[in-house]
Amino acid sequence: NFVDPYVYRAVAARLIDGSVDISRCKPQELSNTVWAMATSEIEVDDNQKDAFDTIMIAENRLPPVTDPVIACFGLAADELMFRQGHFKSQETKDTLWSFSKMGIRHPNLFRSVAIHLAGDEEN
């Protein structure tokens, strides 16, 4: 397998710089993008893997996201949480698997999907 990390970083940069309207991306495109990055085992800044973990880290102490790949994962998570009804089960599974494979913690994403699938105890 040949993996060119510059290609993945360029794709991530285009998604996060506003060149692409992420809200117009199809769920399959988003899930395939993060899946490809996770499958390639592209290296990311370990210090930023907790950038979305508001459960373990106070929000005002979260590390800033400067790694374009991690930022791309954040955008994919935002879209999945916002458009859950548009993501097929395979796309949801691939996105969650990608977060796990990369070691990027995002408890709110996993909780949001669990509530979507199983319902909320409070309701």
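## Salt bridges in this model

A salt bridge is a side-chain nitrogen of Lys or Arg within 4 Å of a carboxyl oxygen of Asp or Glu. The structure described here is a predicted model. Seven salt bridges are counted in it by this rule.

## A network around Arg105

Salt bridges join Asp50, Asp53 and Arg105 in a network. Arg105 pairs with Asp53 at 2.5 Å, N to O.

## Exposure of the network residues

Which of these residues is buried? Asp53 is, because its relative accessibility is 1% and buried means under 20%. Asp50 has a relative accessible area of 29% and is partly exposed. Arg105, at 36% relative accessibility, also counts as partly exposed.

## Asp46 and Lys49

Another salt bridge is formed by Asp46 and Lys49, with the closest N and O atoms 3.2 Å apart. Asp46 is exposed, with a relative accessible area of 55%.

## Tyr6 in helix H1

Tyr6 belongs to helix H1, which covers residues 5-16. With 67% relative accessibility, Tyr6 counts as exposed. Tyr6 and Ile42 are 36 residues apart along the chain, and their C-alpha atoms are separated by 9.6 Å.

Methods
Residues are numbered from 1 along each chain as its sequence is written. This is a predicted model: local features need pLDDT of at least 70, side-chain atom pairs count only at pLDDT 80 or more; totals for chains, interfaces and linings use all residues. Side-chain values use heavy atoms; hydrogens and water are left out. Helices (H or I, at least four residues) and strands (E, at least two) are DSSP runs, numbered from the N terminus. Buried means under 20% relative accessible area, exposed over 50%, partly exposed in between (1.4 Å probe, protein chains only).
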